[in-house]
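Work through the exercises below with the model open. Try each task before you read its solution.

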Amino acid sequence: MFPSMRVIVFASQKGGSGKTTLSGHIAVEAERQGAGPVALIDTDPQGSLAKWWNVRKDPAPAFIQSVFSNLFYDLDSAREEGFRLVVIDTPPAVTRAISEVVSFADLVVAPTRPSPHDLRAVGPTVDIAEARGKPLVFVVNAATQRARITSEAAIALSQHGTVAPVTVHHRVDFAASMIDGRTVMEIDPFCQSSQEVSALWKYLHERLQRADGAVSGQEDHAAVANSSNRVFGRRAV
Ligand SMILES: Nc1ncnc2c1ncn2[C@@H]1O[C@H](COP(=O)(O)OP(=O)(O)O)[C@@H](O)[C@H]1O
Ligand SMILES: [Mg+2]
């Protein structure tokens, strides 16, 4: 038996909500906290996460090059190769393909900015998670310190589902750290941004552990592909 592997899918139809930023940060933090080996998968054709990983010096977390149609096979191989966590980034859209990706999730994370536009856009993500019977957690991201709209956003989101008790605030170090393939924790592990990521990972980890014993998302599927294109320790394209 291979050790159990968990899959976190970052999804939200809103572009710019923080899916790619938090996918990279949570994968690195999970690895740092001993939950690895961790692998990343970028299903967004824009490839922002892949480009970030390409300029990264540390080969961990690994990057698995996959496409929607190969996901079943690639996740299965990742499990056999001993990965314990896979973090999947998705494009900002609501499509059947994204719904398929969500079907592999043990946990769906929807980063949401505290803005009226973002809040109004959560419905389809909630619908996809519900249709697939997957637990969904909202994360308020890029919040302004002490702004009333931050708490109002958390209240509004709680009408739709679980809101992570950790808010990630708007700080330039999130963007700056990713320029050369790093994360805020790798620039300054003690800064506030790092502490928020660390607290967020602890919460998500706890949620995954709570789901332990439940059937893993992947086991619902029949094989749909027979080739993979994984990249371990070299550049993703
Ligand atoms: N907490 C944050 N603080 C500051 N900037 C952020 C934060 N989260 C994301 N960003 C920035 O917002 C932009 C969109 O984030 P991104 O992760 O690419 O969103 P998505 O993948 O959902 O489209 C990027 O420029 C990113 O650096
Ligand atoms: Mg993105």
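**Exercise 1: An enclosed strand**

β6 is largely enclosed by the rest of the structure, because eight of its eight residues are buried. The model is a predicted one.

Task: find which strands pair with β6, and in which sense.

Solution. 
- Step 1. Start with β5, residues 107–112. β5 and β6 are parallel and share five bridges. Within this pairing, P111 has V139 of β6 as its bridge partner. V109 is bridged to V137 of β6.
- Step 2. Go on to β7, residues 162–163. β7 runs parallel to β6, and two bridges join them. Here F138 stands opposite V163.
- Step 3. Finish with β8, residues 168–169. Two bridges pair β8 with β6, again in the parallel sense. A143 has H169 of β8 as its bridge partner.

**Exercise 2: The neighbouring strand**

Task: decide whether the two faces of β5 are covered or open.

Solution. 
- Step 1. Count burial along the strand. Six of the six residues of β5 are buried, and the strand is mostly covered.
- Step 2. β1, residues 6–10, runs parallel to β5 and is joined to it by three bridges. V9 has V108 of β5 as its bridge partner.

**Exercise 3: The nonpolar core**

Task: state which residues have the most contacts inside the largest nonpolar core.

Solution. 
- Step 1. Take the size. The largest nonpolar core holds 65 residues.
- Step 2. Name the residues with the most contacts inside it. They are I8, V9, A39, V86 and V108. The element that gives the most to this core is β6, with seven residues.
- Step 3. Follow I8. Leaving out residues up to four places away in sequence, I8 touches I26, V87, A105, D106, L107, V109 and L204.

**Exercise 4: A loop residue**

Task: classify V122 as buried or exposed.

Solution. 
- Step 1. V122 lies in the loop between α5 (116–120) and α6 (123–132).
- Step 2. Apply the cut-off. A residue is buried if 20 or more other C-beta atoms lie within 10 Å of its own. V122 has 22 within 10 Å, so V122 is buried.
- Step 3. List its contacts. Not counting residues up to four places away in sequence, V122 touches A110, T112, L157 and H160.
- Step 4. V122 and P111 are 11 residues apart along the chain, and their C-alpha atoms are separated by 9.7 Å.

**Exercise 5: The ligand shell**

Task: describe the residues around ligand 1.

Solution. 
- Step 1. Count them. There are 16 residues around ligand 1, and G18, K19, T20, T21 and A175 come nearest.
- Step 2. Assign elements. α1 (19–32), β6 (136–143) and α8 (172–178) each give two or more residues to the shell. α1 gives the largest share, three residues.
- Step 3. The shell has five nonpolar, nine polar and two charged residues.

**Exercise 6: Confidence**

Task: locate where the pLDDT is below 50.

Solution. 
- Step 1. Take the whole chain. The average pLDDT is 89, and 88% of the residues score at least 70.
- Step 2. Go to residues 215–235. Their pLDDT is below 50. Beyond near neighbours in sequence, this stretch has 43 contacts in the model.

Key
Residues numbered from 1 in each chain as written. Chains lettered and ligands numbered in written order. Predicted model: local features only at pLDDT ≥ 70, side-chain atom pairs only at ≥ 80, totals over all residues. pLDDT = per-residue confidence, 0-100. Contact = placed C-beta atoms within 7 Å. Near = placed C-beta within 6 Å. Helix = DSSP H or I, 4+ residues; strand = E, 2+ residues; numbered from the N terminus. Nonpolar A, V, L, I, M, F, W, Y, C, P; charged D, E, K, R; others polar. Core = buried A, V, L, I, M, F, W, Y, C linked by C-beta atoms within 7 Å. Buried ≥ 20, exposed ≤ 12 C-beta atoms within 10 Å, placed from the backbone. Pairing = 2+ DSSP bridges.
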